[in-house]
Amino acid sequence: MFRTLDVIRANRSRFRLHFQLQNNLSFWKSYINGEWIEANDGERYEIKNPADGEIIRCVPNMKIEDCQKAIEAAKCAFHSEEWSSLCAKQRSQLLKIAEVITAESGKPITEAKREVLYGSSFIEWFGEEARRIRGEIVPYPKKDREILVVKQPLGVAGLITPWNFPLSMITRKAGAALAAGCTLVVKPSSFTPLTCLAVTRLAEEAGFPKGVINVVTTKSARTVGEYMCNSPDIQIISFTGSTRIGKIVYGLCSKTMKRISLELGGNAPLIVFDSADLKNAVESALAAKFRNCGQACTAANRIFVQEGIYKQFVDKFKTYVEDLSVGHGRCENTQIGPLINEDQLNKMNEFVKDAREKNACILTGGEGLPQMGKLFFAPTIITEVPREAKIYAEEIFGPIAPIIKFKGEKEVLQKANETRVGLAGYFFSENLQQVFRVAKCLEVGMIGINEGIISTTEAPFGGVKESGIGREAGHQGVDEYVDIKYICLGNLKY
């Protein structure tokens, strides 16, 4: 009945052709109840490459009535015997689907390839984790009773995903939900729906039953998103995005008391102490700041450097930044691609303008690169950043690195923690006692010590304070999608 991983691997080259956007493609439609369909009103919208504005493809612009069909299909599939009642081993086999590659977000091809591996790792991980969703037997205080605790799938999961990592943000959620036995309604970002559709094509070929995976492409993100949050037929909303929108999602979900998993914004501090290995600190800071053109929730947002090593760090960091290769994502040597849209570009210009007005020093960059394309912005370093500057307090989400000098450990911890968000944090030190002190005191959900890239399938991903609720990835990721049921067996005779 089901195709296995080996069959999908055998067809891998054919699927690569699908993703390379050949003109004869016919499946760039939404996917509901096992069918590739247009929006009910036939409306479509354009997907453009942010590097050059080229129209890549048009996809359906679905509305509430279309989303309702997707929810109904997922609900029926969940209550059928074709998915949630499958044994864990069967769900495990179906989750191991093949690779796909993307460039629709404009990120460099080398980064896109790494994301394929990263995104695929979630499918592999949760495919195996499906067989390890365990209950327990708890000793009862009376002799004639037994306590059983079992974990059961929640039901229909609504997944709302962002544009910056269009593959891994879907697989990290969908892998866990499917492993638990949930069915899906996925609303990908309106900027990057093609990756989601390509992955869905692979899932279809792998043999997922009709209605288990449903994809709603839409430019009406707010309207459709609100409908999903309000629907009593969706049991959990998993959302990745800004803290501002996350709070709206939180409020909407409260009306039906549905489960929520929120992975929201950050304002990650990156601290370099005097004892740090300078070369490692500079190279790691470069990766933590400029990966995906700085468009990552875990990106280093404020770089604090202790005064004893400050000048050396800034000089070396500036050399590295000015050597970054900016260009079209298709080029193998490109390290910095375009921003995703004009709103992001305008935001970068506003950050630089505000910093100048507040007497910060624009050490390098600080302007757009229209000769490359209208959405390109030069990798930028800003020093002498005052506390009242916007780049000090707000998530940048772009290629601007503010560097702030500090004197001592207590001072920098206070500065690092004076924010209402706490997703990721980084620090560099060769002092073992300091390592344990600082790791304990940083108010974030994830910490990189002497390391700038920390995301991995095996570790729980999430933040504290206003950076979200719940965890994705790791074995903890599945727990978001299960209910815990207590069963008491009474009047037993031994």
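Which residue in β13 is the bridge partner of Val-272?

Modeller: In β13, Val-272 has Val-305 as its bridge partner. A word on the basis: this is a predicted model, where local features need pLDDT of at least 70, side-chain atom pairs count only at pLDDT 80 or more, and totals for chains, interfaces and linings use all residues. Residues are numbered from 1 along each chain as its sequence is written, and side-chain values use heavy atoms, with hydrogens and water left out.

Now the pairing. Strand β12 (residues 268–272) runs parallel to strand β13 (residues 300–306), over 5 bridges. Strands here are DSSP runs (E, at least two residues), as are helices (H or I, at least four), numbered from the N terminus. Two strands pair if DSSP finds at least two bridges between them.

The sheet is open and has 7 strands, with mixed pairing. Its order is β14-β15-β16-β13-β12-β18-β19. β14 (361–364) and β19 (446–449) each have a single partner strand, so one side of each is left without a neighbour in the sheet. Neighbouring strands are turned by 25° against each other on average, direction ignored.

Helix α14 (residues 409–417) lies across β12, β13 and β16 (400–406). Its direction is at about 170° to β13. Axes are lines fitted to C-alpha atoms, for helices over the stretch in contact, and angles run from 0 to 180 degrees between N-to-C directions.

Next, the packing. The largest nonpolar core has 67 residues. Such a core is a set of buried Ala, Val, Leu, Ile, Met, Phe, Trp, Tyr and Cys residues joined through side-chain atoms within 4.5 Å. Leu-270, Ile-271 and Val-272 are among those with the most contacts inside this core. Helix α10 (residues 278–290) gives the most to this core, with 6 residues.

Ile-271 touches Phe-304, Phe-406, Val-412, Ala-416, Tyr-426, Phe-427, Phe-428 and Leu-442, neighbours within four places in sequence left aside. Contact means heavy atoms within 4.5 Å.

Phe-428 belongs to strand β18 (residues 424–428). Phe-428 counts as buried because its relative accessibility is 0%. Buried means under 20% relative accessible area, exposed over 50%, partly exposed in between (1.4 Å probe, protein chains only). Beyond four places in sequence, the contacts of Phe-428 include Leu-270, Val-272, Ala-276 and Asn-450. Its C-alpha atom is separated by 7.4 Å from that of Asp-277, 151 residues apart along the chain.
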